[in-house]
Amino acid sequence: MNLRLAAAILPALLVLFLPAEWLGDLPPLQQRMLAIFFMAVCFWVLEPIPIFATSVLLIFMELLLVSSQSFLWIRHEAGAENLLPYSKILGTFASPIIMLFLGGFFLAIAATKYRLDLNLARVLLKPFGNNPRWIMLGLMMITAIFSMFMSNTATTALMLAILSPVLRTMKDEDPGRTAFVLSIPIAANIGGVGTPIGTPPNAVAMKYLTGSDAISFSEWMLFGIPLALSILMIAWALLLLLFPPQEQHMELSIKGEFQKSGRAIVVYVVFAGTILLWLTGKLHGLNSYVVAMFPVAIFLAFRIITKDDLKLLSWDVLWLISGGIALGLGLEETGLSKTLVESLPFAQWPGMVVLGGSAVVALLMSTFISNTATANLLLPLMAVLGSSQPALQELGGTRAIVLVNAFACSMAMALPVSTPPNALAFASGMLKGNELMKAGIIVSIFGLLASFVAVWILRMTGFV
């Protein structure tokens, strides 16, 4: 622990105290922001402290080193006109992106509390019959759909519980058991691509898709859901090819019924109403961030979500995202992101090389560290790159490179540490590391290729 902490802190300290001429004569403010950036990279990779704690730490460091309320001698050295307003940095804790995720968390907690998720799974699995192959497809589709609106971690936990009675009907030596277990985390990872609240990298991407590049909730779903379903079908076929089930018939039984209490009905109505409002933003004029407050306000007012339920919220995810927003804010406002991008010879490279290379880097980083941390580190730089390089603007500019990199972050599935769904499935004891790696690498590659195809189609149709 101490060695990791020292290894994480040392690069940031070196950058902070190196002579400015060694760093290309960076202005003092940019030098401090570069030190904070290095600290974030090292802490998120080495994890000497929890990754959400790193987010809070970097916000604190921005307040101390680059804000309008930093130490007096720091303010004097940097010049008051260049400092970041401290209220902007603290405002990242209540960013519209945070509110969007908060609304999604409220929907997820209420759905679990009133068994809406379990009963929907029971109803939605009925049409898939008794053939193991089709049942697995049903499980994957339901998992993916749930992951579009719920935490993929919570969805994986729920679906693994539903999977237990399925596995009991299969022989221990049946390779189909492995396919079933792998199908849940893979589908949860893929499903998150479908909506802006499906996975944190999407939320980080939304932060940089503004102005003429802005994407509404319904517009994201318009391309996100077909992309997720396409990758899902590829993953299903690959799992059947790698681990074909021996059984030809399977009895599936999930007990339960929809609750009919007044509060349960409120949950059903608000859940459906929120999704409908998200999909029809152009008709009523409310953006997705305002709509996200609908379930928060109603569930609290009707005591559907209590103070005890609030403890179940994934506050760590919200803090992790807020740290990423603060990092992007610091990089942009100090001008460091533009300086970093201009210092690399991107202009000499073809646009497809930059687009493909950045996506591969995002995929590899997300394989070994949190996909949210990867998105927090890469997307601010990609947004600047997309808006400043003519070769990339011909391919769709900021929209194209931000979307491709966000999708790439969600496609990392090769290791248990890659995503929480992978970790949950591996921790169940029903899966071997080499099985996860073999399937995860293949699905990751096909998922990345499908993402490129999707962005190319969007480019051809004029969307990016």
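The following questions and answers concern a predicted model.

Me: What is the volume of the largest pocket, and which elements give two or more residues to its lining?
Reply: Helices supply the elements in question: α3 (51-65), α6 (96-113), α9 (152-168), α17 (315-333), α20 (371-388) and α23 (420-427) each give two or more residues to the lining of the largest pocket. The volume of this pocket is about 520 Å³.

Me: Which residues lie nearest the centre of the largest pocket?
Reply: The lining of the largest pocket comprises 27 residues. Those that lie nearest the centre are Asn152, Thr153, Pro200, Val317 and Pro420.

Me: Where is Arg115 found, and what is its phi?
Reply: Arg115 is found in the loop between α6 and α7 (116-125), and its relative accessible area of 41% makes it partly exposed. Most residues other than glycine have a negative phi. Arg115 is not a glycine, yet its phi is positive, at about 60°.

Me: Is Arg303 buried or exposed?
Reply: Arg303 lies in the loop between α15 (288-301) and α16 (307-310). Although Arg303 is not a glycine, it has a positive phi of about 60°. The relative accessibility of Arg303 is 61%, and the cut-off for this class is over 50%, so Arg303 counts as exposed.

Me: Why does Ala108 count as buried?
Reply: Ala108 has its place in helix α6. A residue is called buried when its relative accessible area is under 20%. Ala108 therefore counts as buried, because its relative accessibility is 8%.

Me: What distance separates the C-alpha atoms of Ala108 and Ile215?
Reply: Ala108 and Ile215 are 107 residues apart along the chain. In the model, the separation between their C-alpha atoms is 23 Å.

Definitions and conventions. Residues are numbered from 1 along each chain as its sequence is written. This is a predicted model: local features need pLDDT of at least 70, side-chain atom pairs count only at pLDDT 80 or more; totals for chains, interfaces and linings use all residues. Side-chain values use heavy atoms; hydrogens and water are left out. On a 1 Å grid over the protein atoms alone, a cavity is a set of points where a 1.4 Å probe fits but cannot get out, and a pocket is an open set with protein on both sides within 12 Å along at least five of seven lines; lining residues have an atom within 4 Å of a point. Grid points are joined across faces, edges and corners, and a volume is the space filled by probe spheres set on the points. Helices (H or I, at least four residues) and strands (E, at least two) are DSSP runs, numbered from the N terminus. Buried means under 20% relative accessible area, exposed over 50%, partly exposed in between (1.4 Å probe, protein chains only).
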